[in-house]
Amino acid sequence: MSKPVIATASLAGCFGCHMSFLDIDERILPLIDLVEFNKSPIDDIKKFTKPVDVGIIEGGCCNSENVEVLREFRKHCKVLISLGECAIMGGLPAMRNGIPVRECLEEAYFNGPTIDPAGPKVMPGDEDLPIILDKVYPLHEVVKIDAYLPGCPPSADLIWKALTSLLEGKPLELTYNLLKFD
Amino acid sequence: MAKKIVIEPVTRVEGHGKVTIRLDDQNNVAESRLHIVEFRGFERFVQGRPYWEAPVLVQRLCGICPVSHHLAAAKAMDQIVGVEADGLSPTAEKMRRLMHYGQMFQSHALHFFHLAAPDLLFGADADPAIRNVIGIALTNKELATRAVLLRKFGQELILATAGKKIHGTGAIPGGINKNLTIEERDPFLKGPAPLDIETMIQWAEDAVEFLKDYHAKNKDLMDGFAAFPSNHLSLVRKDGALDFYHGALRAVDAEGKRILDDVDYREYLNIIGEEVRTWSYMKFPYLKFLGKAAGWYRVGPLARLNVCDFIPTPRAQKQFEVFRAYTGGKPNNMSLHMHWARLIELLHAGEVIRDLLRDPDLQKTELVRKGKKRPEGVGLVEAPRGTLFHHYRVDENDRISMANLIVSTTNNNEPMNRAVDWVARNVISGKPEITEGMLNRVEIAIRAYDPCLSCATHALGRMPLSVELYDAAGALLDRKTR
């Protein structure tokens with residue numbers, strides 16, 4: 001039987017969820033034998049080359065590129081998981097949702113105390129920069145999501161347990177210590 | 001026909017990035033840029049939040065070295081509650097240092113073993129399928145196990161001091177929220193092996209020796225690749241020692257002349273300015289007295305070892321002397337020597353951790369001090385990738401009214417662009433065909449500075465890259481994907 005296929009991505013997150021994944025520590029070595037990685041930072045597969053069993057996504061959608069990557073994942077993954085608070089509800093970056101984007105940009109590029117007040121006002125804007133969305137969107141507002149793993153970040157044990165439960169086809173038992181993350 | 005090469009994505013973390021290289025009719029490089037394509041807006045959206053939230057909010061900039069942001073914000077908030085950096089209780093300062101050096105330990109291990117080692121072990125032109133950390137695990141299980149356990153040891157220290165491995169809560173304005181019990185401490189000192197501090201120090205020293213050996217066998221690559229002169233900036237302790245947690249700002253030029261010395265970082269606005277360029281969301285800092293064109297500088301392990309006078313632990317100091325002697329005591333301007341400097345710092349962090357673990361102050365109970373409230377605070381630390389600036393103002397209702405952050409990666413913005421440009425001009429320029437190995441060399445250059453950019457992803461392996469060739473009219477001529 002072929003090994004289950006996994007894909008991962010980080011959108012508007014801080015990469016802490018992927019770091020928490022790394023915190024499974026020694027369990028990484030057997031995991032490499034248990035599963036096959038497709039499109040993921042773990043390898044060089046940029047475009048999906050086969051159907052994926054489990055897609056894991058960290059971070060919400062804050063720009064047009066995030067939305068494109070997310071839709072690609074939905075198209076190719078049987079099960080799609082929102083990993084962590086940013087994926088589930090926008091998380092900390094969504095704190096900007098009540099503020100017009102322009103105000104955020106002006107604060108960073110016009111008003112900052114290290115910006116030369118006498119110099120020309122320069123705002124980033126270039127064909128090589130993607131379009132920032134008006135708000136940061138959780139993943140399930142853009143595509144259908146099958147499972148949610150909470151935490152900022154979700155603990156390594158939760159990620160490990162969720163993965164092994166999925167691979168074994170068993171229901172995931174969420175005990176208190178796996179859900180309490182702060 | 002003029003062409004543009006696009007390498008995207010270069011990252012998926014705090015700076016999503018891409019590289020563009022523009023070629024003229026003869027395939028010579030006309031211009032190259034590292035674009036940071038993501039914008040978050042922290043400076044604005046933390047406004048209105050109570051000041052004590054800053055250390056837990058702002059660390060969510062980056063899940064790779066959250067402790068750095070946690071502590072830089074806490075140091076700024078110490079001032080808001082009226083406590084100077086040297087006014088913390090010994091327990092609070094030492095707990096924070098233990099957290100920070102634990103962070104340095106895990107991050108440097110991650111950066112070197114998971115990120116840089118695949119390029120060094122397999123070579124820049126090796127099959128991308130094995131040139132990653134899985135390739136290491138499959139071909140050298142011993143090294144892969146060390147990589148995992150070195151990082152684990154640092155992460156466990158963060159857990160013991162901050163309460164969580166990622167996005168903890170240990171530091172609070174004026175101090176810390178817990179001490180370290182004997183039960184928490186002993187496993188770090190005593191193991192079981194190999195997860196004890198003496199083994200960790202030995203493994204760190206082995207890593208330095210590994211790199212020196214690699215250097216001896218690959219001098220042309222290590223010394224020549226993306227080498228260019230620059231200024232160097234870092235915090236140093238009052239006596240000139242390497243210090244990651246606290247000190248004064250010092251800078252040297254490419255020849256070693258001190259161009260900035262003993263500057264109180266709370267006065268950073270007099271020294272540092274930032275330029276905005278339309279093609280990147282990441283600003284370009286510069287030393288004001290040198291101006292925008294000449295005032296750029298490097299930060300991080302290489303800069304720190306160029307700026308400090310000595311390392312205050314014996315085994316790292318011995319390695320530092322070899323490192324310094326290699327350039328005759330002058331600043332080292334070779335980008336790939338960043339890895340050498342990083343491993344010496346890994347060793348130093350291990351030695352400091354051992355000394356701290358043996359310090360009985362960690363079991364004492366004075367955790368927090370308070371003074372007269374102030375409306376403004378500036379906190380700096382040396383994060384794994386370089387000097388990190390946090391600056392806040394707070395209104396009369398204890399709410400943040402201004403936040404200015406200059407993160408390590410931002411400080412290295414210009415040097416990383418120069419490194420990319422070096423590869424473009426020396427490896428890609430004038431060649432009829434672009435190979436995967438050439439693309440990887442672009443990554444290797446960025447990777448020396450920052451895994452957050454070269455892809456924190458790199459934690460797990462390598463970033464995917466696609467290169468597209470366009471003609472001047474924007475028509476796609478060729479595409480290579482790996």
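This is a predicted model: local features need pLDDT of at least 70, side-chain atom pairs count only at pLDDT 80 or more; totals for chains, interfaces and linings use all residues.
A residue is counted as buried here if 20 or more other C-beta atoms lie within 10 Å of its own, and as exposed if 12 or fewer do. An α-helix has 3.6 residues a turn, so residues three or four places apart point the same way. Helix 13 itself comprises residues 314–326 of chain B, and its 13 residues reach 19 Å from the first C-alpha to the last, close to the 18 Å expected at 1.5 Å a residue. After helix 13 of chain B comes B:Gly328, with a positive phi near 60 degrees.

When neighbours within four places in sequence are left aside, B:His215 is in contact with B:Met222 and B:Trp340. B:His215 and B:Met334, although 119 residues apart in sequence, are 12 Å apart in space, taken from C-alpha to C-alpha.

A comparison of length can also be made for helix 6 of chain B (residues 141–162), where 22 residues at 1.5 Å a residue should span 32 Å, and the end C-alpha atoms are 31 Å apart, which agrees. Helix 6 of chain B is followed by B:Gly163, whose phi is positive, near 90 degrees.

Chain B also holds an open sheet of four strands, arranged in the order 8-7-6-11 with mixed pairing. Strand 8 (258–263) and strand 11 (297–298) of chain B stand at the edges with a single partner strand each, so one side of each is left without a neighbour in the sheet. Within the sheet, strand 6 (residues 231–236) and strand 7 (residues 248–252) of chain B pair in the antiparallel sense over five bridges, and B:Val236 stands opposite B:Ala248 in strand 7 of chain B.

At the level of domains, chain B is divided into domain 1 (3–38 + 433–481) and domain 2 (229–331). Contact between them involves seven residues of domain 1 of chain B and five residues of domain 2 of chain B. On the side of domain 1 that touches domain 2 of chain B, strand 3 (residues 29–36) gives the most, with three residues, and the residues of that side divide into three nonpolar, two polar and two charged.

Taken as a whole, chain B has 17 helices and 16 strands, and 58% of its 482 residues count as buried. Among contacts in chain B between residues at least 6 apart in sequence, 69% join residues at least 24 apart. Chain A has seven helices and seven strands, which run from the N terminus on as β-α-α-β-β-β-α-β-α-α-β-β-α-α. The C-alpha trace of chain A spans about 65 × 40 × 30 Å along its principal axes, and buried residues make up 45% of the 182 residues in chain A.

Methods. Residues are numbered from 1 along each chain as its sequence is written. Chains are lettered from A and ligands numbered from 1 in the order in which they are written. Two strands pair if DSSP finds at least two bridges between them. Helices (H or I, at least four residues) and strands (E, at least two) are DSSP runs, numbered from the N terminus. The expected span of a helix is 1.5 Å times one less than its number of residues. Domain bounds come from an automatic or database domain assignment. Two residues are in contact if their C-beta atoms, placed from the backbone, lie within 7 Å. Ala, Val, Leu, Ile, Met, Phe, Trp, Tyr, Cys and Pro count as nonpolar, Asp, Glu, Lys and Arg as charged, and the others, Gly among them, as polar.
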